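The following exercises ask the reader to work from a sequence and its structure. Each task is followed by a solution in steps.

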Amino acid sequence: MTKTEQGRFALSCFTAALALGCSTSTKTSDARLAEGASAPAAAAATDTAAPGVNGGQAGSSAVVMSSPAGEALPGGLAVAPSSQASAAAGGAAGVAPDAASRDASSAAPAPAILGATPPMGWNSWNTFGCNVSEALIRSMADAMLSRGMRAAGYRYVNIDDCWMNGRDADGKLRWSDNFPTGMPALADYIHGLGLELGLYEVPADRTCASTYGGYAPGVGSLGHETDDANSFAEWGIDYLKYDLCRGQRSGFAVMRDALRATGRPILYSINPGNGQDDLCPPSSCALDLPSIANLWRIGFDIDTQWSSWLRLIDENANLYAFAGPGHFNDPDMLEIGRGASADEDRAHFSLWAIMAAPLLAGNDLRNMSAATQAILTNAEVIAVDQDPLGIQGRVVATPAANLQVWSKPLSGTNARAVVLFNRSAASADINVQWTALGLPGGAATVRDLWSHSDLGSFTGSYTAQAVASHGVVMLKVAALPAGPS
Ligand code: GLA
């Protein structure tokens, strides 16, 4: 699609939206804003309002979901039992326990939304690029168990670019000779470990590594969507990363429909950006991203540099209204354990968690250090990312240049995750005011999610002393009920 065509598509979608409701997601995002997903003053509203989930068939396109007010949530979301979502939510994913227990009619377990909480897993690209093989993937899956990743909630083992080897005479995708027993056998192995398998493709003739890296067998799915989706389903694939690269944006909805038609719940992660001048974040993309995919990249590729992490954090910071159960902004995979300092790695993980970002490790799990393992498996930080409300946190205060206070409403009553983020070159004290969090100004308990310790009860505010340069203090703040006046 040329720039002019994209402009035309945007215009026609906008016109159609006025007449026909072309996009439901904008309205939903606005509704979430009003419900407190963004404005601190209104954030307490989330203490009782949780996204509701109605019934649906596994892998069905007939998805019926509604907010407590009966307003339609974005379509395009498969409803299916999801082991990850269920585990993360401790039962009925997408429904806050408090909200569910207050409503007798919701006593029966609700079906889970596929991707109700951000996906957790591992992806081959950051460390291995095109050097993927069945032996690598099996050993990484084994490491998911032996290094405590599965126990911490990580499920997906995702093979990025370079797994394919052209097409056979019938036009069906072939896997590379590096996968000698084949994808179905690999999927069986992965499933046998309680994990799920993901693959990469593109809405183009050639994959990104083929276009830019000379990986000749890297054929794309453009024009083969039905065949390829059927192959993925037959092989037992659970996750598809679909990357624009030099392809066609119109192909994202085509693949969504082809995946749905298979009847297999396959989490759908897209990169609608062209990697250059047109990144297509939900605030400006001509595509209605939440109606198409469970997650969408919002920026150019991450790398091991701190500056690239800050770039993605800043690009994602104002996109919070587009996130919710089943559809999340994706600031890219994790670079933890790939050379940065422990302070920077803790900051990276904390920011991804408070932004409700996918947690897809990109390091070699087999030989990661104990320190890296402790960061990636921090249950209290993961719980923030996986909170069933699915709200993306945002900056609520900037006490000084390069010092930020991030807040994310959590399920439960008057509870917030807070990241005190020091982007500066020197350590600094950072103060957080309860009013900035949308909490009552009285007493609140404060827990440190990295030291795993209760810091006590504080009235009105808390100050973290000497937050490390490029570091964070991450807290859970819970307002105490006001006493009798
Ligand atoms: C693009 C994506 C990366 C990776 C490569 C594979 O650059 O953004 O995440 O998938 O393609 O070629």
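A residue is called buried if its relative accessible area is under 20%, exposed if over 50%, and partly exposed in between (1.4 Å probe, protein chains only). Helices (H or I, at least four residues) and strands (E, at least two) are DSSP runs, numbered from the N terminus. The model is predicted: local features need pLDDT of at least 70 and side-chain atom pairs count only at pLDDT 80 or more, while totals for chains, interfaces and linings use all residues. Residues are numbered from 1 along each chain as its sequence is written, and side-chain values use heavy atoms, with hydrogens and water left out.

**Exercise 1.** Determine which residues of helix 8 are buried and which are exposed.

*Solution.* 
Step 1. Within helix 8 (residues 183–192), the buried residues are Met 183, Leu 186, Ala 187 and Ile 190.
Step 2. These residues lie on the same side of helix 8 because they cover an arc of only 100 degrees around the axis, the arc being that of the directions from the helix axis to the C-beta atoms.
Step 3. An α-helix has 3.6 residues a turn, so residues three or four places apart point the same way.
Step 4. Asp 188 and Gly 192 are exposed on the other side of helix 8.
Step 5. The buried residues of helix 8 pack (contact: heavy atoms within 4.5 Å) against elements including helix 6 (134–146), strand 5 (196–201) and helix 10 (225–235).

**Exercise 2.** Describe the surroundings of the ligand.

*Solution.* 
Step 1. A side-chain N or O atom of Asp 161 is 2.8 Å from an oxygen atom of the ligand, and a polar side-chain atom of Asp 243 lies 2.9 Å from a ligand oxygen atom.
Step 2. The protein covers 93% of the 310 Å² of accessible area that the ligand has on its own (Shrake-Rupley method, 1.4 Å probe).

**Exercise 3.** Is Leu 319 buried or exposed, and which residues does Leu 319 touch?

*Solution.* 
Step 1. Leu 319 belongs to the loop between helix 13 (306–317) and strand 9 (328–330).
Step 2. Leu 319 counts as buried because its relative accessibility is 4%.
Step 3. Not counting residues up to four places away in sequence, Leu 319 touches Pro 281, Pro 282, Ser 283, Ile 298, Asn 329 and Gln 392.
Step 4. Leu 319 and Gln 392 are 73 residues apart along the chain, and their C-alpha atoms are separated by 8.4 Å.

How values were computed
Near = heavy atom within 4 Å. Polar contact = N/O pair within 3.5 Å; in protein donor to acceptor, adjacent residues only side chain to side chain.
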